[in-house]
Amino acid sequence: MAAAVERLDEREYRRVWARFERQFEFRPGMDSAGWPAIREPADSVTWSLAGLDDDPDYLKLDAMVEAVNDGLWACTGPEETLLILDWHHDCYRIRPHAITAADGPHWPASMMPDGDYSIHLAEDLRYGTFGHPWEYTICVLGAPLLERVAARLDEILVTRVREGGPGPARRRRKSFWAMLKRDGR
């Protein structure tokens, strides 16, 4: 039986990141003009993480992590895997149903962005989370996961930043480049 948690080797790491970058048009950056840093799909909601700031005992953070982990676990079949991507750090493939109560359950990385992008995705990339460290948001994508976690995240995080796709910054940038092309620059 395969391990519950496997670190991706260098070849698999590159392959998985390339798939992610292609599908979500990942554009890392600290400049807010380029946010969101991914092409958020139509079935997505992005919440601000600012509601976690006044939480000295981390109760809201723990509740958010529990809600998302429970949702990911419920969306993932008994033999299926999730990808955990932590930009410029070790990345993992996990089998949530193989992680036992004795393990905590212990996942190798939180979806809370802590200075780097933190991504939890289904192996086929159809549902998951994208944590943005500088925008200080978490995007939940895919109808199966949204159906399970949206109400709880609304209670915990309160503020929705975007719903259903690209935000204004992405549209403005496309318009800007289209304008330059039109003007022959």
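Visitor: How does Glu6 count by relative accessibility: buried, partly exposed or exposed?

Guide: Glu6 counts as partly exposed, because its relative accessibility is 26%; on this scale buried means under 20% relative accessible area, exposed means over 50%, and partly exposed is in between, using a 1.4 Å probe and protein chains only. This is a predicted model, in which local features need pLDDT of at least 70 and side-chain atom pairs count only at pLDDT 80 or more, while totals for chains, interfaces and linings use all residues. Residues are numbered from 1 along each chain as its sequence is written, and side-chain values use heavy atoms, with hydrogens and water left out.

Visitor: Which side chain meets Glu6 in a salt bridge?

Guide: That is Arg95, at 3.3 Å from N to O, where a salt bridge is a side-chain nitrogen of Lys or Arg within 4 Å of a carboxyl oxygen of Asp or Glu. The pair links distant parts of the chain, with Glu6 in strand 1 (residues 5-7) and Arg95 in the loop between strand 4 and strand 5, 89 residues apart. Helices (H or I, at least four residues) and strands (E, at least two) are DSSP runs, numbered from the N terminus. Arg95, at 18% relative accessibility, counts as buried.

Visitor: And how many salt bridges does the count come to?

Guide: By this rule there are 13 salt bridges. One of them joins Arg93 and Glu12, whose closest N and O atoms are 2.6 Å apart; Arg93 lies in strand 4 and Glu12 in helix 1, so the pair ties together parts that are 81 residues apart in sequence. Arg93 and Glu12 are both buried, and they belong to a network of salt bridges that also links Arg15 and Glu123.

Visitor: What about Glu135, which residue does it form a salt bridge with?

Guide: Glu135 pairs with Arg162, the closest N and O atoms being 2.8 Å apart. Here too distant parts of the chain are linked, since Glu135 sits in the loop between strand 6 and strand 7 and Arg162 in strand 8 (residues 160-163), 27 residues apart. Both residues are buried.

Visitor: Back to helix 1: which of its residues are buried?

Guide: They are Glu12, Tyr13, Val16, Trp17, Arg19, Phe20 and Phe24. Seen down the axis of helix 1, these buried residues fall within an arc of 155° (taken from the directions from the axis to the C-beta atoms), so they line one face of the helix. The face turned away from that side carries the exposed residues Arg11, Arg14 and Arg22.

Visitor: What covers the buried side?

Guide: The cover includes strand 3 (82-86), strand 4, strand 5, strand 6 (128-132) and strand 7 (137-141), with contact meaning heavy atoms within 4.5 Å.

Visitor: Changing topic, how far from Asp116 is the nearest side chain of opposite charge?

Guide: That side chain is Arg7, 15 Å away, and Asp116 is buried yet has no salt bridge; in assigning charge, Lys and Arg count as positive and Asp and Glu as negative, while His and the chain ends are not counted. Asp116 lies in the loop between strand 4 (92-94) and strand 5 (118-122). Not counting residues up to four places away in sequence, Asp116 touches Asp86, Trp87, His89, Gly131 and Pro133.

Visitor: And Ile138, where is that found?

Guide: Ile138 is in strand 7, and at 1% relative accessibility Ile138 counts as buried. Beyond its neighbours within four places in sequence, its contacts include Val45, Trp47, Met111, Phe130 and Leu157.
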